[in-house]
Amino acid sequence: MTLPAEFHEIAKRVNNWGRWGPDDEAGTLNLITPQVLRDAAATVRSGRRIPLALPLRHDGVQTGAIPGRINPLHAMTAVNHEFFGPGTVAVSDDAVTMGLQAATHWDGLTHVSHSGRLYNNRPADSVTAHAGAACLGVEKLPPVVSRGILLDVARARHAEDGTTGTTGTTGTTGTTGTDGTDGSGPGSADRAVGRLAGARPVTPEDLEAAEDLAGTRVRPGDIVLVRTGQIQHYLAGDRQAYAFPSPGLSIRTPEWFHARDVAAVANDTLTFEIFPPEVKDLWLPVHALHLVEMGMLQGQNWNLEELSRACAEEGRYTFFLSAPAEPFVGAAGAPVAPVAVL
């Protein structure tokens, strides 16, 4: 099935090809200017550090549904080995085999293509089985450090509904409130902040409701973190419920991010965008619009639960965010251990 006219119309409106020159390989990370970084540093007040990465483990988020994207296989290559002879200092070493997008990660600009092209009109066949990405590999990215803003959609919609999440209609993910949230997380703190129901699109209106909750607006160069609460399923031990069905970003949101000159976007789901898709048979359109047309990184499997609670406690939703991609040469994605500093 070819991509529909609706997709191509949106693609024209958000396209950034040539915006930073014909040789650009950084995309919207160019929006993180020195002034943006100075403003980001000014958000640090309490010095509270919130880790946003899932642990890398053999029973991680991957279920085998995505071929080759295996959870980490960890092995010790040396255990208390007296390398320089008996009685000398002993050494332990280890190795790991894993999919680069197995857990908390950034999708690089070569992760998807459409119509034979990558970001900035590069040919899709520049990615090969043996060499990986000849251009636009994650090693080409500048450090991903900027002002972060949490758009806590699950909390905003839960609060707006004014319920405990136990009224409304029963759907595929359990009992949901009238706002499409599910307050039945694995613990009382999780229930308090809600969870979007499975297969619910996150719309521009949802993002603006989260801005209202935060009491601030997204600025150019920001890294936006969108919380749906979906990761509560994984944290409670249900990998299948985490994977499918999943709330996620609507095809209507790329224009919202483009208009605000967002540098990168990440969320707390496996698929990033709504899954199954909101437009029948149109698979991964948000991936294609972000990565190919806009040149904007997107991240998945970010654990935003502790950050949600911390932001609510401190009454502010902006922070200094450090999230550089591991610079694997020629890679289409990279693991990341992001940290928010409030």
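The model is predicted: local features need pLDDT of at least 70, side-chain atom pairs count only at pLDDT 80 or more, and totals for chains, interfaces and linings use all residues. Residues are numbered from 1 along each chain as its sequence is written, and side-chain values use heavy atoms, with hydrogens and water left out. Helices (H or I, at least four residues) and strands (E, at least two) are DSSP runs, numbered from the N terminus. Nine strands form an open, mixed sheet.

**The sheet**

- Strands of a sheet pair through backbone hydrogen bonds, either parallel or antiparallel.
- Here, two strands pair if DSSP finds at least two bridges between them.
- The strand order is β1-β19-β17-β9-β13-β15-β16-β4-β18.
- β1 (49-51) and β18 (333-335) are the edge strands, and each pairs on one side only.
- From one strand to the next, the twist averages 25 degrees.

**Strand pairs**

- β17 and β19 (residues 339-341) are antiparallel, with three bridges. Ser322 stands opposite Val339 in β19.
- β9 and β17 are also antiparallel, over five bridges. There, Val145 has Ser322 in β17 as its bridge partner.
- β9 and β13 run parallel and share five bridges. Gly148 faces Ile223 in β13 as its opposite residue.
- β13 and β15 run parallel, joined by four bridges. Val224 has Val265 in β15 as its bridge partner.
- β15 (residues 264-267) and β16 (residues 297-300) run parallel, with three bridges. Ala266 stands opposite Gly299 in β16.

**A covered strand**

- Buried means under 20% relative accessible area, exposed over 50%, and partly exposed in between (1.4 Å probe, protein chains only).
- In β13, five of five residues are buried.
- In a regular strand the side chains alternate between the two faces of the sheet.
- Ile223, Leu225 and Arg227 are buried on one side of β13, and Val224 and Val226 on the other.

**Helices**

- Contact means heavy atoms within 4.5 Å. Axes are lines fitted to C-alpha atoms, for helices over the stretch in contact, and angles run from 0 to 180 degrees between N-to-C directions.
- α5 (residues 204-214) lies across β9 (145-152) and β13 (223-227), at about 105 degrees to β9.
- Buried residues of α5 include Pro204, Leu207, Ala210 and Ala214.
- Gly215 follows α5 and has a positive phi, near 70 degrees.
- The axes of α1 (residues 5-14) and α9 come within 10 Å and cross at roughly 35 degrees.
- Phe7, Ile10, Ala11 and Val14 in α1 meet Pro285, Ala288, Leu289, Glu293 and Met294 in α9.

**Nonpolar cores**

- A nonpolar core is a set of buried Ala, Val, Leu, Ile, Met, Phe, Trp, Tyr and Cys residues joined through side-chain atoms within 4.5 Å.
- The largest core has 41 residues, and Leu52, Trp106 and Leu225 are among those with the most contacts inside it.
- β13, β15, α9 (285-294), α10 (305-314) and β17 (318-322) each supply at least two residues of this core. α10 gives the most, with three residues.
- Another core lies apart from it, with 30 residues, among them Ile10, Val226, Val262 and Met294.

**Cysteines**

- A disulfide is a pair of cysteine sulfur atoms within 2.5 Å. A search of the whole structure finds zero.
- Cys135 counts as buried because its relative accessibility is 9%. Cys311 counts as buried because its relative accessibility is 0%.
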